[in-house]
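Subject: Structure handover

Hello,

Here is the structure I said I would pass on. My notes on it follow below.

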Amino acid sequence: MGEGLLVVGAALGDCVHTAGVLNFLAVARRAGWHTEFLGPAVRVDQVVQAATRHPDLLALSYRLTPEAAERLFDQLRSRLADAGLEAQRLVFGGTPVTAEIATRSGLFEAVFGAPGGLTAEEYLAGGTPATAQQTWAQTLAERCHQKAPRPLIRHHFGLPDLEATVAGIERIAAAGVVDVVSLGPDQNFQEHAFHPERMDPAQDGAGGVPVRSLDGLRRLYAATRQGNYPLMRCYSGTNDQVALAEVLHQTIRNAWCAVPVFWYSELDGRSDRSLEAAISEQGELVAWCAVHSVPVERNDQNQWGLRHASDVVQVATAALAAGLTIAAGVTTYVLQMMLNNPPGTSPAMDVAKMSAMEAMVRGAAGEDVTVLRELRAGLFSMPVDEDRARGQLASATRTAMLLRPHILHVVGHTEAHHAAGPDELISSCTLVHQVIDDALLGLPDALADRRVAGRRVHLMDEAGYLLNAIEDRFPGTLAGDPDALAAAVRSGYLDAPYLAGSGVAPGRTATVVDGGCDAVDPDTGKTLTEKERLALFA
């Protein structure tokens, strides 16, 4: 701390831009320093005159051309020397190009404005970058607590080559912008990790990194042991899930397990398991996680939304999945909520839907379970045009911040075109950090909007009706009986338009996105209550 010390600040030369130096002085005051501001456009002679009073620190800024900055620094060095003030402590803040000139001058003990450099807070606290001095928490709950009120940043990463993926993770970790590297292995690994004889060599690297050994997993994890030491997590696989969970626990210290109730089965074609078999095995995986204190995320609501299920079905399946998970003994639950899903959902209706989900999940969890909110942009919401995609990423992040996430799952701006490389990933996450910085200054309460609050209540009422109707029709559903749960899908009680032709669910429900996503009568277009919709499947 700087109790009793004096820092004098000024914008140097012809520069009238004072925001940077004034911000530095504000940080210094919070750290206990006395501050004095000489003003904008302060001549070199005036700075030297201030130095004759021997302040503990002179803080200068300059945001104009680098060539002019170089001449000013030369003048300042010469005039300080003439006055016998070479020992005066100086710091500088400016644009990246003027900061580079300041660093080269050797005149300043700290320079602010260069990418990856010290922040004012770090300098005034002792001059060590946070990423170097901090011990980074290595469990999900502890990391969330450590970073609060900022959310953790998670991003998917996996290139179709192991060496390139290891090198990419090293670069990402060193950048310090990601808290969770979400490892994306290829489909061969996800489906046949324990049966290499079933792998199709032509599909190696399809969808992610072709991991084929425990050593490969350990190398990927070792790549995170630098920078801000991000956590790592991985897909749960679509076969042999408990065995894979044990491997991931041992090799990459899997930060949490993400596994659905209904999906990764014949329902979506990602596995040849029957719906009943997938529900049963995935229930066993959740029970294993409970025993080993591994947090669990169930992503059913996202999968239903991707197939244009109504908001009511999404909220109901979120509550159902959470209830089954918590009943299995899991004590840290990750509620992932995908915005813009289906595409065309408005920010207002997204907030209503997600707050309804959280309320119902917390109702199922009780006070002894930690529920962590995870928000992400919709997979199908990213435009192919890179500039528009960046805009969509920023927009979705701002909407997500209205819901006070513990985790932000960043969908990179290249998603609609290609899987992000390390530099593109870092760019997307850096953009998101800027939106977070702004949002933490203060956002309005979206639930103060009567439309949003009314929609939230409506979705909770309708989702509650649907869950009760399912349990009445198929007893044992809420207790996790695989046959009852599968029957709820096969009967159409849980249904979505894009499941038509699946041979598993009817796919006969019609929905319309008009801000929110609602079930409608396929003939008249009239919005249906759940009682009316379920009558179609009686």
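**The second largest pocket**

The lining of the second largest pocket divides into 16 nonpolar residues, 19 polar and eight charged. In this count Ala, Val, Leu, Ile, Met, Phe, Trp, Tyr, Cys and Pro are nonpolar, Asp, Glu, Lys and Arg are charged, and the others, Gly among them, are polar.

The model is predicted: local features need pLDDT of at least 70, side-chain atom pairs count only at pLDDT 80 or more, and totals for chains, interfaces and linings use all residues. Residues are numbered from 1 along each chain as its sequence is written, and side-chain values use heavy atoms, with hydrogens and water left out.

The volume of the second largest pocket is about 930 Å³. His156, Tyr235, Arg376, Leu379 and Glu415 are the closest to its centre, out of 43 lining residues. A pocket here is an open set of points on a 1 Å grid over the protein atoms alone, where a 1.4 Å probe fits, with protein on both sides within 12 Å along at least five of seven lines; lining residues have an atom within 4 Å of a point. Grid points are joined across faces, edges and corners, and the volume is the space filled by probe spheres set on the points.

Among the elements that each supply at least two lining residues are α9 (187–192) and β13 (407–410). Strand β6 gives the most, with four residues. Helices (H or I, at least four residues) and strands (E, at least two) are DSSP runs, numbered from the N terminus.

**The strands**

An open sheet of eight strands has the order β8-β7-β6-β13-β12-β11-β10-β9, with parallel pairing. Its edge strands, β8 (231–234) and β9 (257–258), each pair on one side only. Two strands count as paired if DSSP finds at least two bridges between them. Four bridges link β6 to β7 (residues 180–183) in the parallel sense, and Phe157 has Leu183 in β7 as its bridge partner.

Strand β4 (residues 90–94) has five of its five residues buried; buried means under 20% relative accessible area, exposed over 50%, and partly exposed in between (1.4 Å probe, protein chains only). Leu90, Phe92 and Gly94 point one way from β4, while Val91 and Gly93 point the other way. In a regular strand the side chains alternate between the two faces of the sheet.

Strand β3 (residues 57–62) pairs with β4 in the parallel sense over five bridges. The chain goes from β3 through helix α3 (residues 66–82) to β4 in a right-handed β-α-β crossover. Right-handed means that, with the strands pointing away from the viewer, the path from the first strand over the helix to the second runs clockwise. Strand β5 (residues 110–112) runs parallel to β4 and is joined to it by three bridges.

**A helix and some backbone details**

Helix α14 (residues 311–327) is largely enclosed by the rest of the structure, because 15 of its 17 residues are buried. Just after α14, Gly329 has a positive phi of about 105°.

Which peptide bonds are cis? The bond from Ala148 to Pro149 is cis, with omega near 10°, and a cis bond also joins Asn341 and Pro342, with omega about 5°.

Tyr264 is not a glycine, yet has a positive phi of about 60°. At 7% relative accessibility, Tyr264 is buried.

Regards
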